[in-house]
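Biologist: Could you walk me through how to read helix packing and a chain interface?
Modeller: Gladly; let's look together.

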Amino acid sequence: MLYILGAGFKPADTVLTNDRLSEMAGGFSAADIESLYGIQSRSTTLPISYLEETKGGNARKAFKVANSSPTDLALGSIDETLARAGISKEQIGLVIGDTATPTQITPSEGQRVAGKMGLKVPTYDLWMASGSFLAQLDALSSFKPSKLPEYVLGLSANAPTQSIDLRSGKTAALFGDGAASYVLSASHEGKLGVLRAFIDVKPSECDKLKISLYGSLSIQDDFVEAMVRPRAREALERLRGWFSSDISEGYLIGPSCDVVGTRALAKEFGFNSSRVLVNGDKFGDMLGTSVPSILAQYWSQLEKGRKIFIAQSGIALCHGGMVLQVIK
Amino acid sequence: MLSLLSMGYAHPATNIENDFLEKLDVGTNAQWIVEKIGIEHRVTTLPIEYIKETRNVEPWEGKKFAEISPTDLGVKAAKMALEKANLKADQIGLLITNCCTPNDVAPPESHRIAAALGISSLCYDIFTACPAFALHMDYLSSFEEEKLPEYVLCVSTATLTQHVNYNERSDGAIWGDGAAAWILSAKHKGKAKVVDTHFNSDPTRSEAVVVDRFGHFRQDGRAVRDFSVRQTVRLIKRLEEEYEIDWNRDVFIGHQANKTMLEQIVNNREIPEGNHWHNVTHIGNQAGASAPAVLAMNWEKLSPGQKVIVAVVGAGLSWGSILLEIQ
């Protein structure tokens, strides 16, 4: 079994509230965003003054004024991760990174972060945007035990607000910046164990949400309503098929761009509302960062014996799901 | 054990000649390029007139003028590999891709290539730039074989010429654009058995080779060259020590960074020129597509009993090797 021994999270420092966003963007109200998506604010690496002046949409300019980079955020999450895992960085034998918003297109994000940590270990990126965390854990769960080092550091670092044009409509409100990291092991038991996962993709839809290398983030206007929401439901149906008796006692993590949908799913499927784990309401959807950031944020509250149902849909991920066991 | 069933490659048609670079008047000349780098010409996805007029100082403009994208090249290479394996795209159970020069940073390149091919199975990027061939092989060799699908398609594609500042003396001489693809199976025997794989990196040196997202390629040339030669020799030596390698029979393929560097390596290991396969002299450095493209272009020359050592180095800094045994 693959275990998650520790997780850490670092959101960007600046908070952009719905009120401020709707004043800058126009076209929707703060109440609209909250009622549609359940998002009240999002974290951003950009100065509010820059957004007020330019309304965003130019990643090249945003990069120059950003207060921090995805790499900075990833590094900010590491101490918490290692402390919870009870290891030092020297014990890490492999680093696997992820970013959909790199500051450099070579080398990989994992190599940038590992380099700043002073690590000299095999390092590469396994990335699938919103599906990265699921894909990383699913892959490592399929490795021969002899091929996995004692401890693996995984990380996801994203700053999609640097690519968003506030004038693009209500979907500009969905995203936030942040990074998460996690220590994995197949040889040491950790707080969380990976029980089962699945990932379905629909590459034919790869134009529905994309981040241009030099330009902005473009997204189908009803991406959440038409794609994420129904597909997260399908994902949860599948997870329920595996572990139906554990739902009422389990936790639910849904897509962070759709807190409203996640809460509705929880009610429909019989999750206790106190065990619906979200942070998209505060930080926005941070792409591959979101799921591990939620695990990190709720880490100390996760109760032994319960299962965590993760139902996801998003960029590069038609739908996917994972069930974790809280072991310790 | 993994088998390599087939390979494909793709390169654009436009040549950048050494004489052209000399006429840009940036302090280089054709003779210097051949003596120092050993490249006679290289291929590009950019119009030659665009390079002449603008020097690609603003690479975001280059993307608009580029005649072919990294996705297009990757798809072309993949189609060749599929055809040679006598497979249809819907038989691929996993697609992994490496691209250091994407047109979009999300979704991953694998999704764009999968969409173009009509693949709907799992796909994601496994990325380390130049040593991708070794990384992908090592990554897939790490799986429990029963967890791998019947056929896995790997694609590495790069259009570094779109990220070069042609005012820089040597950068324009190094890079070429290209893609390579290969199909693997743990369930079906292929032409080449994957006997040994290795991948490692030293991220503390990750700033030595960089492509800035909003800028150009840059590198610490001397440090990277020294590292490349030393590390490649080490990779070959380990395989020579652990396996029975006969350089009169077996083949070496290195990272196609430049010919003079490769010559240092083959001289060190006493590899006859006929057993050293390369394409850098007329295509340039195609980053992660380089070494697999060489193998793909020479696929029909492989003979049973032969071994192939691929040793690659590059950004990260990362490096890796593959030992194939031809069946």
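We start with a helix pair and then turn to the interface.

Modeller: This is a predicted model, where local features need pLDDT of at least 70, side-chain atom pairs count only at pLDDT 80 or more, and totals for chains, interfaces and linings use all residues. Residues are numbered from 1 along each chain as its sequence is written, chains are lettered from A and ligands numbered from 1 in the order written, and side-chain values use heavy atoms, without hydrogens and water.

Biologist: At what angle do α9(B) and α10(B) pack?
Modeller: Two packed helices are described by the angle between their axes and the distance between the axes. Here α9 (residues 221–242) and α10 (residues 259–269) of chain B pack at about 35°, axes 10 Å apart. Axes are lines fitted to C-alpha atoms over the stretch in contact, with angles from 0 to 180 degrees between N-to-C directions; helices are DSSP runs of H or I, at least four residues, and strands runs of E, at least two.

Biologist: Which residues make the contact?
Modeller: Contact means heavy atoms within 4.5 Å. Among them are V229(B), V233(B) and I236(B) of α9(B), with M261(B) and I265(B) of α10(B).

Biologist: How much area do chain B and chain A bury between them?
Modeller: Buried area is the accessible area (1.4 Å probe) that two parts lose on being put together, summed over both. Chain B and chain A bury about 4,500 Å², 63% of it on carbon and sulfur atoms. F127(B), R213(B) and F214(B) lose the most area in chain B, together 17% of what that side buries.

Biologist: How many residues does each chain give?
Modeller: Chain B gives 53 residues and chain A gives 50. On chain B's side, β6(B) supplies the largest share, 6 residues.
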